[in-house]
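Subject: Handover of a structure and notes on its contents

Dear colleague,

Please find below the structure that I am passing on to you. My notes follow it, and I would ask you to read them with the structure open.

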Amino acid sequence: MDFQSAEKKAKDLQNLLNQYSYDYHVLDQPTIPDAEYDRLLRELLEIEEQFPELQTADSPTQRVGGETLSMFHKVQHTIPMLSLGNAFDDQELRDFDRRVRQGVGDNVSYVCELKIDGLAVSLIYEDGMFVRGATRGDGTTGEDITSNLRTIRSLPIRLKKPVSLEVRGEAFMPKKSFIALNKSRKEREEEPFANPRNAAAGSLRQLDPKIAASRNLDVFLYGIADVGDTGIRSHSEGLDYLEQLGFKTNKERRKVDSIEAVIEYVNGWVEKRPDLPYDIDGIVIKVDSLDQQAELGTTAKSPRWAIAYKFPAEEVVTTLMDIELN
Ligand SMILES: NC(=O)c1c(N)nc(OC2CCCC2)nc1O[C@@H]1CCC[C@@H]1O
């Protein structure tokens, strides 16, 4: 194949495979069988091996992980990554609501989100391209784990619009991947991970990105560090904007207009929690209006406009896998 036709074929395959990957990993709507995806990926790998200059940064072949790093570099978060205050019962949620209303008046809407039990990450994009990913660390200093995050299939390498922004989210390991990983670790007589959060953190702390690539990690994005001049006025609009850019957001979120509706949403998830394909350790409740968020401000470590309702720690349930193996 001459360069011209190789270039066209590579471009077509990259676009096709990136679309298939978006449908499968971001929309959870696979459009072709895995075997067909793998066949097309092998075809692209062969062309890129023959013509390395065609191996662009956003090529789907770059998801499998590059060379092993010698260390992780420290990075500074220009906008601190805050943590969350906790509420452990309905009364504490009502206290939160009272404080919010004292601050901004009675016309308040909240967004309720599942609190994904993973690892908080920051993703920076320039002109639509993923350029840096980092752990939260202590909120101001994190670690650059770009090469590991790049292997997460649902993380867009190139956005649908050439915008520059920083987004925040939670990287996690789905329950199915966790059980399979521990099964194979037990077979290899390696220490199993205690829970999906530790497994996700352990996978993202690997210096060899091929290990992260093999761990079937996923990510939900839940915030924009600075909405700048986008004209976005609320958190819920911000989440819709992230979806339009090609990010994976959690579809269980709900905007409500009273703390009673928040309490109803929270109680609904207490029993639905085991049915989810990923671990959650609570519900995050956020004031929707960005102006009201700014008015309420933050303490040194957490916002006054958000709170995490924490579920009672789940009694240690012996997973099906443990029963099978013992
Ligand atoms: N784990 C989550 O699903 C989650 C979420 N859905 N939304 C937020 O919003 C916070 C972030 C800063 C101010 C509000 N935080 C989350 O997790 C936080 C990140 C750092 C500590 C908590 O895990």
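The ligand is surrounded by 14 residues, and the closest are Glu113, Ile116, Glu170, Tyr222 and Lys286. Please bear in mind throughout that this is a predicted model.

**The ligand and its surroundings**

Which strand gives the most to the shell around the ligand? It is strand 3, with four residues. Strand 3 covers residues 110-116, and together with strand 10, which covers 280-287, it belongs to the strands that each supply at least two residues of this shell.

In the side chain of Glu113, an N or O atom is 2.9 Å from a nitrogen atom of the ligand. For the side chain of Lys286, the distance from an N or O atom to a nitrogen atom of the ligand is 3.0 Å. The backbone also takes part: a polar backbone atom of Leu114 is 3.3 Å from an oxygen atom of the ligand. The ligand taken alone exposes 490 Å², of which the protein buries 87%.

Glu170, already named as one of the closest residues to the ligand, leads us to strand 7, where it is one of the residues listed as buried. Strand 7 runs over residues 165-172, and eight of its eight residues are buried, so the strand is largely enclosed by the rest of the structure.

In a regular strand, side chains alternate between the two faces of the sheet. For strand 7, both faces are covered. Leu165, Val167, Gly169 and Ala171 are buried on one side, and Glu166, Arg168, Glu170 and Phe172 are buried on the other.

With which strands does strand 7 pair? Strand 4, residues 119-126, pairs with strand 7 in the antiparallel sense over seven bridges. Strand 8, residues 218-224, also pairs with strand 7 in the antiparallel sense, over six bridges. Glu170 has a bridge partner in each of these strands: Ala120 in strand 4 and Phe220 in strand 8.

**Aromatic rings**

How many aromatic pairs does a search of the whole structure find? The search finds nine. One of them joins Phe3 and Phe51 in an edge-to-face arrangement, with 5.6 Å from centre to centre and 70 degrees between the planes. Phe3 belongs to helix 1 (residues 3-26), while Phe51 lies in the loop between helix 2 (34-50) and strand 1 (74-76), so this pair ties together parts that are 48 residues apart in sequence. Phe3 is partly exposed, because its relative accessibility is 27%. Phe51 has a relative accessible area of 13% and is therefore buried.

Elsewhere, one aromatic cluster is formed by Tyr125, Phe130 and Phe247.

The ring of Tyr22 has the charged end of Lys160 sitting over it, 4.0 Å from the ring centre.

Is Gln14 buried or exposed? Gln14 is buried, because its relative accessibility is 3%. The side chain of Gln14 is joined to that of Glu48 by a polar contact of 3.1 Å.

Glu189, which is not a glycine, has a positive phi, near 55 degrees. Glu189 sits in the loop between helix 5 (175-187) and helix 6 (196-204), and at 75% relative accessibility it counts as exposed. Asn216, likewise not a glycine, has a positive phi of about 50 degrees. Its place is the loop between helix 7 (209-213) and strand 8.

Finally, Glu260 is part of helix 9, residues 259-272. Glu260 is partly exposed, with a relative accessible area of 42%. Between Glu260 and Asp90 there are 170 residues of separation in sequence, yet their C-alpha atoms are 9.1 Å apart in space.

With kind regards

Technical notes. Residues numbered from 1 in each chain as written. Predicted model: local features only at pLDDT ≥ 70, side-chain atom pairs only at ≥ 80, totals over all residues. Heavy atoms only, no water. Phe/Tyr/Trp six-rings, centres within 6.5 Å; stacked < 30°, edge-to-face > 60°. Buried < 20%, exposed > 50% of the residue type's maximum accessible area, 1.4 Å probe, protein only. Lys NZ or Arg CZ within 6 Å of the ring centre and 35° of its normal. Pairing = 2+ DSSP bridges. Near = heavy atom within 4 Å. Polar contact = N/O pair within 3.5 Å; in protein donor to acceptor, adjacent residues only side chain to side chain. Areas by Shrake-Rupley, 256 points an atom, 1.4 Å probe, with all protein chains shown as cover.
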